[in-house]
Amino acid sequence: MRPTRRDLLKNTTLAGLGASLAAMTGCTPARSADAAATTAIKTAGGITLPAGLGVTRPRPAGQKPVHDLTTKPVEKVRIALIGCGNRGPGLMRDCFGIPFAEITAVCDVRTDRAEAMAERIVKAGRPKPAVISGTEKSWESLCERDDVDVVYVATPWNWHAPMAIRAMERGKHAFVEVAAVVTMEDCWRIVDTSERTQRHCVMLENCCYGENELFVLSLARQGVLGELTHAECAYIHDLREQLYGRQGDDGWRREFHKQYDGNLYPTHGLGPVAQYLGINRGDQFAFVVSMSSPEKGLSAWRDKTGGPHANDKYVCGDMNTALIKTALGRTIMLQHDVISPRPYSRINALSGTGGTFFDYPARLALNDPTAHGLEAKNSHGWLNDKDLATMREKFTHPLWKKLQDQAKNAGHGGMDFVMNWRHLDCIRQGITPDSVVYDAASWSSIIELSSWSVENGSMPITVPDFTRGIWKTMPPLGVVS
Ligand SMILES: NC(=O)c1ccc[n+]([C@@H]2O[C@H](COP(=O)([O-])OP(=O)(O)OC[C@H]3O[C@@H](n4cnc5c(N)ncnc54)[C@H](O)[C@@H]3O)[C@@H](O)[C@H]2O)c1
């Protein structure tokens with residue numbers, strides 16, 4: 001039986017911990033336990049934190065920031081995909097409908113999946129891509145190809161960092177599924193690689209491009225919500241069946257429930273909220289405090305399901321709640337629960353001096369509805385359907401307006417198409433994408449930082465500044481069309 005991460009923490013040195021978990025996952029060490037962080041701090045709870053955990057590292061010589069990186073425009077963006085499981089084919093299906101995108105290579109460790117992906121591309125009337133498969137390392141040759149501009153990474157989390165890093169080192173932009181990386185060490189590795197190679201590392205956070213998320217971004221940017229003070233967000237999605245079912249014995253997601261007690265999937269909720277608040281663009285995550293409920297639901301599911309996983313030991317609490325304080329003093333409540341029987345929600349809430357938006361279902365309250373010519377007279381209730389429709393008419397994001405017809409049948413209510421189109425269009429034009437490696441790193445960093453906080457009596461843990469000061473002079477993301 002594998003030791004849990006908690007056992008490992010108790011029984012190994014930090015360096016040993018990194019090595020053990022590297023062996024378990026195949027490529028990346030869990031948590032920040034390698035060379036850069038071997039000096040330890042003893043906390044009040046008696047648990048050891050890596051000294052470098054929340055520390056902003058100086059920019060190594062020879063690297064340049066990438067917050068405004070522009071690249072040579074291209075007529076067609078040539079795409080390669082690694083990972084043809086559940087997510088990869090959906091991403092590629094969106095690309096079929098983008099005339100300036102061409103899929104030149106697909107890869108999966110499983111040949112049947114890579115072949116099936118290539119077949120779907122041909123059936124969609126597109127040229128047959130190269131098929132690369134067979135071993136866990138086959139993807140490395142995909143990164144060597146000279147007919148690829150962007151490498152999409154849609155593999156299990158432990159493979160994201162090595163694949164994105166190799167792609168950038170070979171001159172490609174990396175488009176990485178969520179979360180971009182798991183460990184703090186890997187956060188710094190992707191930041192440093194993007195800066196060293198001057199290639200983009202974009203996390204494919206589709207939820208930033210949902211109709212409601214773009215609407216809230218537009219409300220926020222156009223001042224309707226006034227001065228922003230607080231946001232709430234989450235990933236609440238009963239995944240018990242998926243954790244045990246579809247992925248069968250390679251249920252890689254379940255492995256993380258044995259290793260981390262924290263927020264395993266922060267970015268669907270946090271990404272949009274970070275863009276509303278201008279995180280890395282005028283504001284910055286300062287520190288995170290996190291606590292978990294007991295772990296009950298997945299063990300109960302294990303006992304009910306039986307089978308080869310009967311000896312699994314889970315450590316991740318069913319519900320993790322994290323509070324993030326920003327440099328400007330604003331607050332974010334972020335939750336993760338993929339176990340409890342309850343309806344899906346990302347909460348997606350934002351408050352400011354001018355109003356409050358809450359999602360699931362979409363509701364808006366305004367400080368002064370009459371200023372917008374609405375029927376509502378005060379701020380004590382949510383706008384009625386008619387008033388909300390009026391606000392949507394005025395403030396629907398131009399990107400959504402432009403692409404909504406094409407996005408109609410795309411994944412997750414159309415947001416997947418809008419995201420793919422927008423990121424690929426940025427590469428086509430050679431302009432900076434809406435989110436860069438600093439966003440990928442800071443949004444993903446909450447995985448490891450929340451788990452350290454849980455393990456240390458909910459102690460506040462500093463979030464490092466991956467922009468190394470650039471956030472202070474960056475304007476927030478505008479309402480791009
Ligand atoms: N943004 C979203 O809405 C969304 C939705 C689902 C999944 N995801 C993300 O997509 C990623 C993949 O998730 P999934 O559900 O598709 O998982 P999956 O297990 O269904 O698919 C992963 C694929 O990667 C392949 N693979 C594993 N190791 C490989 C290697 N070394 N080389 C080549 N191929 C390899 C597997 O064979 C499998 O086909 C994850 O990061 C997940 O978080 C995002």
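User: At what angle do helix 7 and helix 16 pack?
Analyst: This is a predicted model. In it, helix 16 covers residues 437-444, and helix 7 covers residues 184-197. The two axes lie 9 Å apart. The packing angle is about 175°.

User: Is helix 7 roughly parallel or roughly antiparallel to helix 16?
Analyst: The angle between helix 7 and helix 16 is about 175°. Angles over 145 degrees count as roughly antiparallel. Therefore helix 7 runs, relative to helix 16, roughly antiparallel.

User: Which residues in helix 16 do Cys187, Ile190, Val191 and Ser194 meet?
Analyst: These four residues sit in helix 7. The contact of helix 7 with helix 16 has seven nonpolar residues, two polar and no charged. The partners in helix 16 are Val437, Tyr438, Ala440, Ala441 and Ser444.

User: Is Asp186 buried or exposed?
Analyst: Asp186 belongs to helix 7. A residue counts as buried if 20 or more other C-beta atoms lie within 10 Å of its own. Asp186 has 26 within 10 Å, so Asp186 is buried.

User: How far apart in space are Asp186 and Ala441?
Analyst: In sequence, 255 residues separate Asp186 and Ala441. From C-alpha to C-alpha, the distance is 8.3 Å.

User: Which elements give two or more residues to the shell around the ligand?
Analyst: The ligand is surrounded by 25 residues, the closest being Gly83, Gly85, Asn86, Arg87 and Glu177. The shell divides into eleven nonpolar, eight polar and six charged residues. The elements that give two or more are helix 3 (87-96), strand 4 (101-108) and helix 6 (157-169).

Note on methods
Residues are numbered from 1 along each chain as its sequence is written. This is a predicted model: local features need pLDDT of at least 70, side-chain atom pairs count only at pLDDT 80 or more; totals for chains, interfaces and linings use all residues. A residue is buried if 20 or more other C-beta atoms lie within 10 Å of its own, exposed if 12 or fewer, and partly exposed in between; C-beta atoms are placed from the backbone. Axes are lines fitted to C-alpha atoms, for helices over the stretch in contact, and angles run from 0 to 180 degrees between N-to-C directions. Angles under 35 degrees count as roughly parallel, over 145 as roughly antiparallel, 65 to 115 as roughly perpendicular and the rest as oblique. Two residues are in contact if their C-beta atoms, placed from the backbone, lie within 7 Å. Ala, Val, Leu, Ile, Met, Phe, Trp, Tyr, Cys and Pro count as nonpolar, Asp, Glu, Lys and Arg as charged, and the others, Gly among them, as polar. A residue is near a molecule or strand if its C-beta atom, placed from the backbone, lies within 6 Å of it.
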